[in-house]
Structure formats: structure tokens, C-alpha cells
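User: I'd like a close look at one part of this model, the metal site. Could you walk me through what holds the ion, then carry on to whatever else stands out?

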Amino acid sequence: MTILTNARIHTLDARGTVADTLVVRDGRVAFVGRKSDVNVAVGEPTLDLGGRAVLPGLVDAHGHLMYLARGRMTLDVGGVSSEESVATRVATAAAVAPHGEWISGRGWDQNLWPERRFPGKASLDRVAPRNPVALVRIDGHATWVNSAALHEAGISRDTQDPTGGIVVKDAGGEPTGLLIDTAQRLVQRAEPLPSAARFDEAVRAAIAECLSLGLTGLHEMGVTLFALASYRRLVERGQFPFRNYAAVAGRSEETWDFYRDRGPEVIGDGRVVVRALKLMSDGALGSRGAALHSPYCDDPDNRGLLLIPADELARLTNEAIERGFQVCVHAIGDRANTLTLDTFEQALARHPAAARAARLRVEHAQILAETDIPRFRALGVVPSMQATHCTSDMDWAIERLGPDRLKGAYAWRSLLGTGVVIAGGSDFPVESPNPFHGIYASVVRRPRTGEDRGWQPEQRMTRQEAVRSFTTWNAYAAHQEAELGALVPGRQADLIVCSGDVFACPEEQVKDIRPLLTMVGGEIVHGRAEDLSSAGGRGAG
Ligand SMILES: [Zn+2]
């Protein structure tokens, strides 16, 4: 048993109660309220929190633990300011890599480069002629490769575009080294997987990173059997101090084939739960792959890409619902969102009870036609959104969409106004896993640099809503509201002791809050109790 006291405990119960004392027993909240009401024997371990704020553990409703882990093993080319600078980093990696070994990386974004033009194989061929190179765009929707990788993947001028993907070719018909959306799979299939031992270590490091930022769990979108095997090993060894509500990757046929036959799975003590299917309906805005009703303003012949035929989306949705899975469909463009809502509406007509109970989700719900906004509430569909995408995309989203369509873009207030809850996430590693960046973006709707672009400030969330989008609302979106989300008796003791009070600090400081202590199931998994008491008494700030 542990007693946390002299704190500002934001319980996030239905009434928004703030308490000063919380008792943890057997990994769960046994009591929360006033210290004078605690009835325990003298001598129980007590943590005096010096007036600090406590929140329920924050959960990211859309993250990619396996990519965060992979990213730690590969080249990070995030935030790099030109194609040439990326090539320079590849050159450094190639200098020490044996001939033939793949050089993988992630994070480039041509929107940060002077010409904002997509890169090509030539710059990589110059620096790494003997190593296949595959660099995934920051949003995961395009891969930039060199000639050696094209060769290994068997991609040539004769390669046809797969459904939902493009092998970009030059005027002469030669592949340029850019693969969009499903065409990336051609290279992914050729690229060797890391060893289990190395991957397990990387997963542990990725979890430690999440815990250090205040996350106690995530909903992982698009997990494969390879990643789940690692999580299972770590859970069995007691090395998974985190919670993962996993949606398996519909794009990985072997993964969905396995779970379709098996049904939902609870791994170990429930740290990892597999009970959702992730499907992709379109690409992303940054690579102009998001499927729009009308053409892109900055590319008048292009309406984006649907990655899956409508009947296939319907078939998989029904199949998953019939087997007790939730369905989470990635939809960014307004056309993809309409298609997804249409599909859900038909599934609800076919399986009224099971489809309602599944709590169907639209991942991103980024650009919505006005008429689609009330359909979420009407159909009982949860929008799962990433506030930091809004503040990261601001610079170029208007060029892609024009002013009219922006009205339905990242439309948090319009959705909340219909009575739905929004599941909040980051899409890490596309964005940082730091949940306080997400809460900050939700509340101020400005980049962390602070400049005010005046982009639909009326769509902002309140602090209460923003924090709920990372706690109680996410618990609902994962069927875990009886276990997680709020600090009330009976729920898991997943919580963070914060450096500042997200409800009371000046707005600009929300993004800088960090956890001094992170607890999952009553166990301290980040920070040290000793450090808290010695530095106690500083209060909120
Ligand atoms: Zn994602």
C-alpha cells in the first residue's frame, strides 16, 4: 500500500473532483479524498507531494510504439532542412555499413526544404551506391529509396502501380526513387527485419521514453505479429511497464488472418490487449495522398488516393465486427471520411447491436465535409484526432485545401458541439509522443513557438476537454472506462505527479509540464519517490 498526500489530485471523475490524498492498494486506487478521511495504520509508506498536481496517467489514442522502437534503431532524418543534408547523413551511415546492408531511416519532410520538392534516387545513389537505402517520410506515407533498394525490391520501369499506391516515374518512365502509400510495401517486403533481441531492447527504450513524458499507455495503430511477439516476450519477462491497446494492421495479411481466426486477445495481466483492426482508407495531406472530394488547390488534377476499394473496406469492417473487434479506419481527406462513415453506416444497418458495441473509430478525421460532422454522433463513431498535426500542418494546409475546406479541418469544437468525445493522440513518431504538446495544441491551437496564425481559434478545446481527450475519453475509445481514465476507487493506479498544474498554470507553460513520477498499476516506472520529497514544497508552477 502507498499513500500519496498533500497533492492536488485531479481525479477526472464525472464531477471533476480535486482531492488531496490517494491510497494505492494492490495496484489500484483504494481511496481518493481528504487526508482526514483516510483510515490506515500509522507507518504505511506515505509520499508527501508538496502540493504538486497529480493527473491520471495520460494515454495516447493513436501512436506507433513499433515505429518509435524501429526509429531508435535506424537513421533519424527528422527536421533536416534539405535533400542534400539528408544525403550527407546517409553518407555517414554508408561509410561504416558493410556492402549490401540496408540503411533505413525515417523523418524527412520536403515541406521543410527550400524548394518543397519531393526527393529522388540520384542524391542517395551518389552517397550510398552499394547499400540499399529506404527513408520513410515523416508521416509514413512515402518512402524515398536509392537504385540499390529499387533493385532489391524488383522495382523497374515495368512495375505497375499497386492499388492505392504510386511508383513515381520520370518523363522517360524510370522510377524516380519515390514510392507513395501502398507502393512502399514493395520495398518493405525486401527489407530485412531486425533481430528479436535488438527489437525487444528498442521497444523497452521506446516505452521508457513514453513513460518519461507522462504516457502510461497507448492505443497502437497497425501492429504486426512481429511487434506483438516482442510485446508478449516483454510482458512475460515483466519488462513491459506500460499499457498497449492494440489495433492490428489490416495491411499485414498474415496479422489479420491470424487474429480473424483467433479473436481478440488479452496478453498477460492485460498490459497488452488486442481487440481492434486498423484499416487505411487514404493517404496523408503532406504527400497529397489524402482523398478529397475536390482537387487539391495546389495540384488541380489531383484528388488524392483511396487506398482500399469501398467493397473491401466494407468486407473487412463487417468481418471484424462479427468477430468482436473494434474497427479503426484512418481517414484524412473529406472524401475518405465520407467513405468511412458510409461504410460504418452500412455496417450498423447490418449488425445494429454489434457495430454500436464496437465503438467504431475514425483515425484522424482531419478534413470533414460540413454534412459529415453530425454523423459521428448519429452513428456513435469516435473521432480519434491529433491536435499537434493541426499546429504542424498550419503552414501548408491552406495551400493544399484553400480557405473554404479549412472550416472542416481539425474541427474539434464543431465535433464536440454535436456531443461526441474526441480520443486524443499524437501519431508518434510522426509527432513527438509528449502528451503535453497535444494538450497545449488543443488548448491554444498555435505552434509551440507561440506565434498566432489566427487559425480558427474558435475550434480550440478547454483545458478540461483537452485533458479528458488524453484520459477518460481515450479510456472510452478503448472500452477501458471501468479500468482507466479517472482516479476513482477500483481503477488502475496509473498516474503522474506533474512539474506544473495543467489546469492552473499560465497557458504558455502547459507544453513544458513533465512528470516527476509516473506510476503504472501502482508501480513507480519513471522518476524516484526520494527526489520528490527532497524537492517538495515548490507547489504548482
Ligand atoms: Zn498513425
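Analyst: Along the chain, the donors of the zinc ion follow the spacing H-x1-H-x362-D. Keep in mind that this is a predicted model. The residues behind that pattern are His62 and His64, each through NE2, and Asp427 through OD. These protein donors sit 2.1 to 2.2 Å from the zinc ion.

The cut-off behind both calls is under 20% relative accessible area.

Now for a few aromatic features. There are 9 aromatic pairs in the model. Take Tyr231 and Phe240: their ring centres are 5.5 Å apart and the planes meet at 55°, so this pair is tilted. That label follows because planes under 30 degrees apart would be stacked and those over 60 edge-to-face. Tyr231 is buried, at 0% relative accessibility, and Phe240 is buried as well, at 3%. Elsewhere, Trp108, Trp113, Phe118 and Trp144 come together as one aromatic cluster.

Arg445 is worth a click if you like charge-over-ring arrangements. Arg445 lies over the face of Trp412, at 4.5 Å from the ring centre. Arg445 also lies over the face of Trp455, this time at 5.8 Å from the ring centre.

Last, the sheet. Four strands make an open sheet in the order β5-β4-β1-β6, and the pairing is mixed. At the edges you'll find β5 (28-33) and β6 (46-48), each of which pairs on one side only. From one strand to the next, the twist averages 20°. Within this sheet, β1 (residues 2-5) and β4 (residues 21-25) run antiparallel and are joined by 3 bridges.

Notes: Residues numbered from 1 in each chain as written. Predicted model: local features only at pLDDT ≥ 70, side-chain atom pairs only at ≥ 80, totals over all residues. Heavy atoms only, no water. Phe/Tyr/Trp six-rings, centres within 6.5 Å; stacked < 30°, edge-to-face > 60°. Buried < 20%, exposed > 50% of the residue type's maximum accessible area, 1.4 Å probe, protein only. Lys NZ or Arg CZ within 6 Å of the ring centre and 35° of its normal. Pairing = 2+ DSSP bridges. Helix = DSSP H or I, 4+ residues; strand = E, 2+ residues; numbered from the N terminus. Axes fitted to C-alpha atoms, helices over the stretch in contact; angles between N-to-C directions. Donors = N, O, S within 2.8 Å, 3.2 Å for Na, K, Ca; no water.
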